[in-house]
Amino acid sequence: MDYLLTEFQQEIRDLAWEIARDKVMPVAQELDEKNEFPHEIMKILAQSDFFRLFVPEEYGGLVENGKGMLELCLVTEQLARACGGVAVTYAATALGIFPIILYGNEEQKKKYLPRVAEGTLAAFAVTEPSAGSDISAIQTTARKEGDYYVLNGTKHFITNGGEADIYVVIAMTNKAKGPRGASAFIVEKGTPGFEFGKKEDKMGIRASATRELIFNECKVPKENLLGREGMGFIITLKTFDMSRPGVAAQALGIAQGAFDLALDYVRKREQFGRPISSFQGIQWMLADMATKIEAARALVYSVARMADAGHTDIAKESAMAKMFASDVAMEVTTDAVQLFGGYGYMKEYPVEKFMRDAKITQIYEGTNQIQRNVIAQHLIKEALK
Amino acid sequence: MLKIDRNKCVGCKACVQVCPFGALHIDEEKKAVVDPAVCTLCGACVEVCKFDAMEIIREEGPRDKFEDWRGVWVFAEQKENKVQPVVFELLGKARELADKLNTYVGAVLLGENVKDQVEELIYRGADNVYLVEDSSLRHFVDEEYASILTRLIKKYRPEIVLSGATAIGRALVSRVAVQLQAGLTADCTGLDVDPETRNLLQTRPAFGGNIMATIITPRHRPQMATVRHKVFPEAKRDEARKGEVIVERVEEGDLDVRSKVLEVVKEVTSTVNLSEADIIVSGGRGLRGPENFKLLEELAEVLGAAVGASRAAVDAGWIPYSHQVGQTGKTVCPKLYIAVGISGQIQHLVGMQSSKCIVAINNDPSAPIFSVAHYGIVGDLFEVVPALTKAFKKALGK
Amino acid sequence: MDIIVCIKQVPDTADVKINPETNTLVREGVQSIINPFDMYAIEEGIRLKEKHGGKVIAITMGPPQAESALREAIAMGVDEAILITDRAFAGSDTYATSYTLSRAIDRIANYDLILCGKQASDGDTAQVGPGIATHLDLPQVTYVKKIVSIDEEKAVVERMTEEGYDVVEVSLPALFTVVKEINEPRPPSLRGKMRAKKVEIPRWTAEDLDVDPDKIGLKGSPTQVVKIFTPERTGEHEIIEGESPEEMADKLVEKLLPLLK
């Protein structure tokens, strides 16, 4: 399929793939096994300017303000073909700074974005033990004291937790107001009272760091408030609208990576005296897998282009892309394991990792059930117009 | 230049396919055309053309007889005052060439305290040994060694100078050849002479051993070559042989203060040096982890072999780079090469495919390593290797 | 610290295949790449520049299409590049090549260090690096696996040997040939790629270099290739069969024993 990418976009995609193939693939299994964070790979991505793709030009980036979504998706997809964990580590930094790009003031942008352009990792911290899909249940508080906000509470399941230097944290400045009482703060690693808790031992994307953030009387300068008090909920929603295409691209890459392995395998694997790719049952599976992947890609790239074209309300479309691509990732990786037969179930072969990595894409950044809610709500709202 | 006879050319593309440098293409008139900027005049197209359409035309000046250049020399590389085994291989070949040319064999020995090695060089076939001893020659210093060797060659005018294609040999004679404006051919695996022209016919692998090239140096003397280890048999030792020792000195102009060796560090973990080894047992990704190299070490110990590795194993950090065989590692040609759990990427094959006997052990029958192997075992290396170690132990009475 | 890196464009051996019927090299469709060993030289040059300042100039001698190798080097972070190209250079052996490159380096004039890969993957001679050093009368260290320290005056480096390594002190300017162990080459950067597309690459010809016409190209090459052939793949090709690993091992040992005696 020709997605009419510009020459620069093609170069971005190709270079990202070269790095994925040459630098990520050889270590993917080891990172997965050891639950090891890919510091070296992040350094390479930074050196190759990939962190500049989600930073506007005036802050050391390579894209026009408000653009770069498609580029981010292209890179995340290619990285995920080699390792879903590496891909999400990269994309989560974009997620971490979207709130600053969208709602930060000039000082905040000047202070943080150039660092990210150079390769400093970022993270976005919303989820809490009892506030997953339900953001209004957030318990972390921020109380104003003079020139500071004092944060207390615990975030968990935070991608890039412990590894990132820049965090955007959602905390309640006024609990009585419910969702309207949430605010967003930029918190730097090393701020007194900000510590890291448990590192999660995950089923998949094990190269990525998922960790608890603990705030204990953590004093954050009031300049670090993003937007105004009470904007935390809207910042979260808008950020997720922007970040869902990235997760969708990660899912797409995982599906493509598993499919590549499976296609290669069935052409080589012989049974009954011929390659199993000559059996029609196998051929039909391949055809279905490839078609689903292509459909997911079309959806993901389209929503990324909408974002780049300046559409501000892409909630429905980005939910569709995230939901569809992640469901496709799960189906395709499951089928890929099936095509490998017994070998597919063994850790010695790389394909089972893709199946484990795929699962999270149906869960995080809003479960696929929540995505369906979002889509349906928009459909009904649109019908009322 | 390469001349293509357009009347004879039928556009069959045989030459295009065979050109190692991509210098040929077929034009709109279905005739072969050469890009002279890319063509190296290697002659591959001439060989393959069935229609006699290709011809290489060389500008030949009047041929010098080089009557004042005689003798076949060997650079007698030593380390810690001990002549290296490759030198004995070179002496064997040098003797053979010198006999064909009806001339003498010379060996050049430079070092700090190497006098006691002279006899051995004579026993192995040298007629003349040129000995230079000096404390400044304790370690190999490129510039000083090159200066002395260049001076000696200018003085004694050997027609052929051979050196091992070792780290030292390659660095040294590259310098000497430029100082003498001599021809130098690297890494030869075959040497012969044409008694009539007295040209040295130097055959060497190119493109990682996928093709062989024969090279001559018709208009210059001396003719210099570095030679791979283990290609030629060592010269037989004959204690009855007599020879002459010519003692030379370091001159002031030889000394070069610009570089010096501060320290010599040894770090090869296995006892046997890969390039010198007669037998190599190599492991790849199939070993699954560093701990399993133990299996190979056990087998290597029984065989007195060195342990090698594929790039995949080295990149995974299972074994140091000094053990790597292949394009970005060492090129080896032992008598026996046992590849265990190595799939056989072309980059690995180019480093070992000239081994005399290759054994492949791999659980994947379609692994490319089997295409170069003389003997193959398709099976689980974790079962086969221990069984092999046991069988060798029994057979060798160890 | 100003550094010159000498690179060569070579066919990617990973793509080179043998036609099993004619037993000849299939060169069609083979990509051209920067000699893998030169990648380490480029990387080391960029790292030294990043640490000590100065600039890195990449040079190559080859046909006009070799310019793409120089653009790749720029995409990695090399500052400038020069293509040395002239029909008169065609057919150069290592003597003529090192002479020509040394003339180009002489013309660049300002440099502290010259870096080369240890050898080219198509020719495998390892002769051009030392050849350049000799033409320029510079000290050389081959097979450098680590630059321990370096300043304007001198460097301490580790030179790989068959047994381990030597620690060598050398005054600058000097020429090093480097091995794989020295670093891990970086991929190009996006900004580098954008620069590589636009940057002007000067072409230096025989005339620009003030070369001795008797020392360049075919005429200046003492060695001549007289024959190219495909090595015969001799010997048996046998898959050892057996019911058990032990049986296969025994059969193999029987075959190999004569070799060991």
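Colleague: What makes the largest nonpolar core a core, and which residues have the most contacts inside it?

Modeller: In this predicted model, the largest nonpolar core has 156 residues, and those with the most contacts inside it are Leu109(B), Val5(C), Ala58(C) and Ala73(C). The name is given to a set of buried residues such as Ala, Val and Leu that are joined through C-beta atoms within 7 Å, so these four residues count as members of one such set.

Colleague: Which helix gives the most to this core, and why is the core said to lie between two domains of chain B?

Modeller: Helix α6 (residues 167-180) of chain B gives the most, with nine residues. Domain 1 (2-56) and domain 2 (72-254) of chain B both give residues to this core, and therefore it lies between them.

Colleague: How do you know what Ala73(C) touches?

Modeller: Two residues are in contact if their C-beta atoms lie within 7 Å, and, leaving aside residues up to four places away in sequence, Ala73(C) touches Ile7(C), Ile34(C), Ile42(C), Ala58(C), Val78(C) and Ala81(C).

Colleague: What share of chain C counts as buried, and what makes a residue buried?

Modeller: Of the 261 residues of chain C, 56% count as buried, because a residue is given that label if 20 or more other C-beta atoms lie within 10 Å of its own.

Colleague: How many residues of chain C are in contact with chain B, and which helix of chain C gives the most to that side?

Modeller: The contacts join 78 residues of chain C with 89 residues of chain B. Helix α7 (residues 245-260) of chain C gives the most to the side that touches chain B, with 11 residues, and by class that side of chain C has 38 nonpolar, 22 polar and 18 charged residues.

Colleague: Why are strand β14 of chain B and strand β14 of chain C called a pair?

Modeller: Two strands pair if DSSP finds at least two bridges between them; strand β14 (residues 211-216) of chain B and strand β14 (residues 224-229) of chain C have five bridges, in the antiparallel sense, so they meet that condition. Ile216(B) stands opposite Gln224(C) in this strand of chain C.

Colleague: How many residues of domain 2 of chain A are in contact with domain 3 of chain A, and of what class are they?

Modeller: In chain A, 14 residues of domain 2 are in contact with 11 residues of domain 3. That side of domain 2 divides into 10 nonpolar, three polar and one charged, while 29 Å separate the centres of the two domains, taken over C-alpha atoms.

Note on methods: Residues numbered from 1 in each chain as written. Chains lettered and ligands numbered in written order. Predicted model: local features only at pLDDT ≥ 70, side-chain atom pairs only at ≥ 80, totals over all residues. Buried ≥ 20, exposed ≤ 12 C-beta atoms within 10 Å, placed from the backbone. Helix = DSSP H or I, 4+ residues; strand = E, 2+ residues; numbered from the N terminus. Nonpolar A, V, L, I, M, F, W, Y, C, P; charged D, E, K, R; others polar. Domains from an automatic or database assignment.
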